[in-house]
Amino acid sequence: MYQCLCCGCYTLPVPPEDAIAYICPVCFWENDVFIKSDNEPSDENHGLTLQQARKNYAEYGACCLEMKQHTRRPTEDETGECTMLHNEIEKTLVEAGSVVTDLLASLKPAPYKPDEETPKEMITFDRTETDNSKWKTLLAEYLKTAKAFEIHCWNEEAEWIEVAMQYGTLKESDWQYGKIITGPVTKEFAKMLLNIPKPTDTELENKMTPFFNVFLDESFSSSHYGTEIYYDGN
Ligand SMILES: [Zn+2]
C-alpha cells in the first residue's frame, strides 16, 4: 500500500502518481495526479490545496469539513505502524543475517592439504606447554629430510606472510581469508622456522609458532599455530 498525500495513511493501492481519482477512505482527499505542488488548487477537490487539506485533516480528521461525514478512522495497517514495524524487523533481520554470514565465512578454516589419505599420528600441545622446545624437536626431525614446505597464514598476519615469502612463493588458492606460501625446505628456511620464539599472543591458542599451518612434504603438519601436529607414524 502507498501513503495518501493528505492524511499519510496507507490507503492507496498504487503509488500516488498512478492513483488517478482515487479517493482516500480515511480523509476523503481525492488523489490528484495533475497538481504539481502542495499549494496548487486541486480541481478534483473543489479548489482545495493539499496544504489546506492536511491542515483540515489535522483539525477534523477529514480533508475538508464537508467530507467529514464520509470519512472513517484508519485501521492499524493504514496508519503504517505495522508497516514501519515490519520494515524495521526486516531490516534488523537482514543486518543480523549478513553479520552471521560474515562471521561464518571468517571462521572458514584454512584448506587442508588435499592428499591426506595416509593415516597420521597426532600430538597436541595444550596449555601446559610453557615453551615450544618439544614442537621444535619434532619439527627439526622432519626438516632434515623434507623437500618442500607449505605455510598457511590468515590475511591479517601480514608480518608472517612476509617472512614466509622470503623462502617461497604464493600458491594460488581459493582461500580468500589467507595466503598459502610454498617453497623448498632449505637450511635457511629450517633455521628461520626453528628460531622464531614462541609467540606471546596466546589468549586464543597456546601458539608454538606464529604460522597457522606448516606442512612438510606429505609427512608432517603443524596446525593451529603448532598446537596440533600430524605426522607419519613410521
Ligand atoms: Zn487520506
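**Entry 1. Thr227**

Does Thr227 count as buried or exposed? I looked this up and found that Thr227 counts as buried, at 8% relative accessibility. I use buried for under 20% relative accessible area, exposed for over 50%, and partly exposed for what falls in between (1.4 Å probe, protein chains only). Thr227 sits in the loop between β8 (220-223) and β9 (228-232). I set aside its neighbours within four places in sequence and listed the contacts of Thr227: Ile123, Thr124, Phe125, Glu205 and Asn206. Contact here means heavy atoms within 4.5 Å.

**Entry 2. Ground rules**

I note that this is a predicted model, in which local features need pLDDT of at least 70 and side-chain atom pairs count only at pLDDT 80 or more, while totals for chains, interfaces and linings use all residues. Residues are numbered from 1 along each chain as its sequence is written, and side-chain values use heavy atoms, with hydrogens and water left out.

**Entry 3. The chain as a whole**

I found six helices and nine strands in the chain. Helices (H or I, at least four residues) and strands (E, at least two) are DSSP runs, numbered from the N terminus. The chain has 234 residues, of which 38% count as buried. I took the contacts between residues at least 6 apart in sequence; 50% of these join residues at least 24 apart. The chain exposes about 14,300 Å², with 55% of that supplied by carbon and sulfur atoms. Accessible areas come from the Shrake-Rupley method with a 1.4 Å probe, and for residues only the protein chains shown count as cover.

**Entry 4. Helices α4 and α6**

At what angle do α4 and α6 pack? Helix α4 (residues 133-143) and helix α6 (residues 187-195) pack at about 170°, and their axes are 10 Å apart. The two helices are therefore roughly antiparallel to each other. For the record, angles under 35 degrees count as roughly parallel, over 145 as roughly antiparallel, 65 to 115 as roughly perpendicular, and the rest as oblique. The axes are lines fitted to C-alpha atoms, for helices over the stretch in contact, and angles run from 0 to 180 degrees between N-to-C directions.

I then listed the residues that make the contact. From α4 they are Trp135, Lys136, Leu139, Ala140 and Leu143, and from α6 they are Phe189, Ala190, Leu193 and Leu194. These divide into eight nonpolar, no polar and one charged. Ala, Val, Leu, Ile, Met, Phe, Trp, Tyr, Cys and Pro count as nonpolar, Asp, Glu, Lys and Arg as charged, and the others, Gly among them, as polar.

**Entry 5. The two sides of α6**

Which residues of α6 are buried? They are Phe189, Ala190, Met192 and Leu193. They cover an arc of only 160° around the axis, which puts them on the same side of α6. The arc is that of the directions from the helix axis to the C-beta atoms. The buried residues of α6 pack against α4, β4, α5, β6 and β7 (213-216). On the face turned away from the buried side I found the exposed residues Lys187, Glu188, Lys191 and Asn195.

**Entry 6. The two sides of α5**

I repeated the search on helix α5 (residues 158-165), where Ile161, Val163 and Ala164 are buried. Their arc around the axis is only 160°, which puts them on the same side of α5. Glu159 and Glu162 are exposed on the other side of α5. The cover of the buried residues of α5 includes β4 (148-154), β6 (178-184) and α6.

Asp131 is in the loop between β3 (120-124) and α4. Asp131 is partly exposed, with a relative accessible area of 37%. Not counting residues up to four places away in sequence, Asp131 touches Lys198 and Met208.

Asn56 is in helix α1 (residues 50-60). Asn56 is buried, at a relative accessible area of 14%. With neighbours within four places in sequence left aside, Asn56 is in contact with Leu48, Gly61, Ala62, Cys63 and Cys64.

**Entry 7. Positive phi**

I looked up two residues here. His46 is not a glycine, yet its phi is positive, near 55°. His46 lies in the loop between β2 (10-12) and α1, and is exposed with a relative accessible area of 69%. Asp217, also not a glycine, has a positive phi of about 45°. Asp217 lies in the loop between β7 and β8, and counts as partly exposed at 24% relative accessibility.
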